[in-house]
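User: Hi! I'm new to this one and would like a quick tour. Could you put it up on the screen?
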Amino acid sequence: MGKLYINETKKKGFIEPEVYGHFSEHLGRGIYEGIYVGENSDIPNVNGMRMDVVEALKELRVPVLRWPGGCFADEYHWKDGIGPREGRKKMVNTHWGGVIEDNSFGTHEFMELCRQIGCKTYINGNLGSGTVQEMSEWIEYMTSDESSPMAELRKENGREEPWTVDYFGIGNESWGCGGNMTPEYYANEYRRYQTFIRNYNPEKPIKKICCGANVDDYHWTGGVLATAYDHAQWAHGFMDGLSLHYYVHPDGWERKGSATDFDEEAWYRTLHKALFMDTLITRHGKLMDQYDPEKKVGMIVDEWGTWFTCEPGTNPGFLYQQNTLRDALAAGITLNIFNKHCDRIKMANLAQMVNVLQAVILTEGGKMIKTPTYHVLHMYRHHQGARLLSSELSQVSEIGIADWRVPKVTESVSVDEEEIMTITLNNLSATEKESMEVFFAEKGYAVIEAKIVTNKDMRAYNTFEDTKNVVEAEFTDYKITNDNLLITMPPLSVIEIRISK
Ligand code: AHR
């Protein structure tokens with residue numbers, strides 16, 4: 001039997017709500033169809049946004065949304081996406097399927113979407129193919145309350161009040177699709193571009209995100225910080241976050257692997273790769289510590305998730321994939337890792353929100369399904385804005401096939417302002433249940449909620465015909481006494497238990 005020791009008297013860091021953030025790019029059916037259908041659509045909508053999707057996202061408590069890309073961000077020219085829709089300039093989306101982008105979803109529509117969801121805004125600027133002037137005018141357009149040229153243009157386009165831009169990314173993957181730069185070159189460009197991200201509203205300063213590494217490119221992290229960080233020390237607001245991108249491809253980048261047709265070895269390989277996030281955060285974090293020991297600059301994992309071969313018969317440039325119980329476990333593991341590193345991780349954005357990669361929602365015409373990943377994020381929403389608690393596993397075995405070893409259980413624990421504890425646990429075993437004895441520093445707790453996402457089949461997923469194959473269900477296999485909590489976790493499961501006195 002495994003043991004979990006929780007010391008609820010030892011409150012650790014604060015889990016920023018933004019750690020549970022999302023990302024939507026102009027890619028495939030991620031925005032068009034998936035979120036934005038236009039006011040004239042037969043699909044029920046408010047100002048063009050699908051009501052079913054917005055409602056589901058509200059239930060998830062989406063804290064922040066990153067837009068417009070991704071690789072798309074570095075070829076996006078924001079002025080093409082404002083003004084009367086019929087007059088907006090079209091472009092070819094060269095990164096994603098070569099389709100025509102009609103720019104009908106632009107800045108005003110993004111801000112309207114965030115208003116409807118009730119989330120913060122994270123906009124990624126174009127450093128790769130744009131100019132400093134273009135970027136600084138976008139900021140002026142969105143946030144200036146003066147009678148400045150860009151603010152006047154915004155008003156002409158129907159928006160009197162400035163919006164709030166909470167986060168602004170200066171380039172995306174500048175080591176790759178964002179311009180193939182060296183770390184030193186990018187860092188100098190970052191220094192220049194960020195200078196012109198003005199704070200028109202000093203009450204709500206824009207948090208600036210510097211482009212960080214791809215996976216384990218520690219050379220990038222070290223190089224960017226060496227050139228940029230000395231400056232950050234005296235220029236207040238120079239750098240609020242440094243990003244990191246990490247996708248799990250079970251069969252490697254070239255082959256990726258099927259989302260739904262996989263064996264037990266691929267199950268463990270995928271989860272083993274998901275666990276690598278811990279190493280990445282630790283190692284990039286150590287480099288950041290050399291420059292920023294007080295952890296003022298957040299690590300922003302603004303793209304993470306599984307990336308499989310797209311669904312057969314779909315456009316390969318659209319990155320549409322199904323989502324099984326394996327994705328649920330990958331999400332549960334990753335979110336537990338983020339919680340445990342909340343001293344450094346200040347935001348993370350699952351890629352991507354609807355119809356792309358590890359989506360929480362899939363749509364087909366007027367139909368919508370919540371994926372297994374959705375249900376995990378829904379259970380884990382209670383960690384948002386809570387305090388991480390000291391917790392430690394013992395007597396948990398290592399399992400797996402061949403080189404793909406994983407701990408049988410992962411966990412994290414937090415406590416919210418009302419002193420309700422949230423324990424999230426994953427049983428990674430494809431075949432075996434696990435009994436877990438949970439100990440607390442104090443006595444006298446009661447369970448107030450217990451939920452589980454599981455299925456007997458590791459390949460289980462939801463379809464438009466069977467929408468409830470993998471859902472969040474009541475969990476009853478536990479016993480609480482004055483001394484401890486005994487849980488029996490079925491194989492292939494993500495569990496959330498909330499307790500209080
Ligand atoms: O999320 C899909 C793509 O993956 C993004 O556009 C890019 O930033 C990353 O390589």
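User: What share of the contacts with a separation of 6 or more comes from residues 24 or more positions apart?
Analyst: In this protein, 76% of those contacts join residues 24 or more positions apart. Contact here means heavy atoms within 4.5 Å.

User: Good to know. What kind of model am I looking at?
Analyst: This is a predicted model, where local features need pLDDT of at least 70 and side-chain atom pairs count only at pLDDT 80 or more, while totals for chains, interfaces and linings use all residues. Residues are numbered from 1 along each chain as its sequence is written, and side-chain values use heavy atoms, with hydrogens and water left out.

User: How many helices and strands are there?
Analyst: There are 10 helices and 26 strands. Both are DSSP runs numbered from the N terminus: helices are H or I with at least four residues, strands are E with at least two.

User: And how much of the protein is buried?
Analyst: Of its 501 residues, 61% count as buried. Buried means under 20% relative accessible area, exposed means over 50%, and partly exposed is in between, using a 1.4 Å probe and protein chains only.

User: Let's zoom in. Where does Thr373 lie?
Analyst: Thr373 is in helix α10, which covers residues 372–380.

User: Is Thr373 buried or exposed?
Analyst: Thr373 counts as buried because its relative accessible area is 0%. Leaving aside residues up to four places away in sequence, it touches several others, including Asn323, Leu350 and Gln358.

User: Which side chain does Thr373 have a polar contact with?
Analyst: Its side chain is joined to that of Gln358 by a polar contact of 3.1 Å. A polar contact is a pair of N or O atoms within 3.5 Å; within protein, one must be able to donate a hydrogen and the other to accept it, and residues adjacent in sequence count only if both atoms are side-chain atoms.

User: Switching topic: where is Asp292 found?
Analyst: Asp292 sits in the loop between α8 (264–291) and β12 (298–306). With a relative accessible area of 4%, Asp292 is buried. A polar atom of its side chain lies 2.8 Å from the backbone nitrogen of Val297. Tyr229 and Arg344 are among the residues that Asp292 touches.

User: What about Thr282, and why does it count as partly exposed?
Analyst: Thr282 lies in helix α8. It counts as partly exposed because its relative accessibility is 30%.

User: How far apart are the C-alpha atoms of Thr282 and Gln358?
Analyst: They are separated by 24 Å, with the two residues 76 apart along the chain.
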